[in-house]
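Hi,

Here is the structure I promised to pass on. Have a look at it first, and then read on for what turned up.

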Amino acid sequence: MKGKRFLLWFTLASLLGVALSQQTPFQQRVSQAIQSGGPEFQKSMQQDPDQALCSQYRDKLPAELVPAFLERQRKLIKYPADGRLMGDWKKGEELFTNPRKGNCYACHTGDPREAGAGNMGPGLVGYGARGTSEAVVKYTYDKIYNAWASMPCSLMYRAGYHGILSPEDTAHIVAFLLDPASPVNANLKR
Amino acid sequence: MRKNRLYRVLGLALLGFALGVALTQGQQELDPYKEAERQRELFRQTAGILPGELYAAQGEELFHAKRGPKQVSLEACDFGLGPGKLEGALTQLPRYFADTKRVEDLETRIVSCMVRLQGFKPEEVKRDEVKALVAYVASKSSEMPINVVPRTSQEIAMYNLGRELWYHRAGDRDMNCAICHEAYAGRKVRLSPVRSPRQGLSNEWPAYRFEADKLYTLQDRIAFCYESVGIHPPDYYSEPYIALSMYMLAEATRGKNRFTEMPGFTR
């Protein structure tokens, strides 16, 4: 009994030792500074391993790390239970616009009538010109659910992975971009 | 002193009026720089004074008043150029201070002086007073070149810390400062053009933000960016602000930038 407990503590202590020794003095200094910002800040600043990797390489991953990174991110993508990757464009429009959901206009154009869309991302007016082949639909779905699965450390955030958009939400936004009836594609020749 | 207060009350009354006018002006300008210019002119014409100037006047009064348990003014506060020397003080902050043995930005330095000189307890220091004092001290660095050059080991360490936080990606929006303010500088989030530190990011703070109708210090502005990407902002006066300010202002110095009119006037 005693021996077991000792073993447990020994294991815990050595694990802790490993964790601490993995941090360089500079990293410890950074953690200390983050801690000084208060517990809520500290909590918000916790990173998953790939966020940490992007930070370490200043958002430019070395080529040899890219394939494994993309593979890890692809595994995080979940699809709707019914397998339909294109939903209702009208629902998609609301999600695309809502600052608490997609917030896509912060960085992209979409419906050409929307004033004051940002331009950090490529313009999406007429996105439906690429058609609705399976490949296009899946590419679009994957991009929106997890932008890092095709572009490591992209500015575009991983909305599905973080649970901001559910798989069904994602499918609705796919429809907003690809459905020929969506205002995004109003300027395309039918 | 009296006159000063009267001027302030009068100013605030006019300000309320001006704001009423500003808010009822229907046509919205889509170019954010032109819109700021328009709003500024409206204030000038209707109130005859800019909100930032009112905050600075309030700060001036606080600065010279004998306050706190020790009943002294802040006139002996040293911002790095000698006790009470305010001319250009903001241009060289943050910097290392031997008396507190740490690197401080303008806001933290004001708190240090309120605690050390006037005898306030840190928890008694009112945020609104610090903001008014920041506006006053900053007003003495209007349009001057930024001159933040990390020299001491403490300053260099703070700069490195700031750079690390600058690249720290976190939160459910996967953001860090660099991805917007470096990689995509020159582009726009919605209508707002984003600048890099080399392009002068952080050279207009403290500033009156007409969209919020409030004075924002640089710490407030950084907090606002953290909030907008879903990260709970750090506590005021904590190290992350000092480190990030050090990094941004040192880079702005390398880019040979000046402060704008101080306090600034912006969206």
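How are H8(B) and H9(B) oriented to each other, roughly parallel or roughly perpendicular? They are roughly perpendicular (65 to 115 degrees; under 35 would be roughly parallel, over 145 roughly antiparallel and the rest oblique).

Before the details, some housekeeping. This is a predicted model, in which local features need pLDDT of at least 70 and side-chain atom pairs count only at pLDDT 80 or more, while totals for chains, interfaces and linings use all residues. Residues are numbered from 1 along each chain as its sequence is written, chains are lettered from A and ligands numbered from 1 in the order in which they are written, and side-chain values use heavy atoms, with hydrogens and water left out.

**Helix packing in chain B**

Helix H8 (residues 218-228) of chain B meets H9(B) at about 100°, with the axes 10 Å apart. Helices here are DSSP runs (H or I, at least four residues), numbered from the N terminus; axes are lines fitted to C-alpha atoms over the stretch in contact, and angles run from 0 to 180 degrees between N-to-C directions. The contact (heavy atoms within 4.5 Å) includes Ile222(B) and Tyr226(B) from H8(B), and Leu244(B) and Met248(B) from H9(B). Its residues divide into 8 nonpolar, 2 polar and no charged.

Helix H6 (residues 153-166) of chain B also packs on H9 (residues 239-254) of chain B, at about 95° and with axes 7 Å apart. H6(B) and H9(B) are therefore roughly perpendicular as well. Among the residues in contact are Trp166(B) of H6(B) and Leu244(B) and Met248(B) of H9(B). This contact has 13 nonpolar, 1 polar and 5 charged residues.

Leaving aside neighbours within four places in sequence, Met45(A) has contacts in both chains, including Ile34(A), Leu165(B) and Tyr226(B).

**Leu165(A)**

Leu165(A) lies in the loop between helix H7 (134-145) and helix H8 (167-178) of chain A. Beyond four places in sequence, Leu165(A) touches residues including Ala159(A) and Ile173(A).

Best wishes

Definitions and conventions:
Helix = DSSP H or I, 4+ residues; strand = E, 2+ residues; numbered from the N terminus. Nonpolar A, V, L, I, M, F, W, Y, C, P; charged D, E, K, R; others polar.
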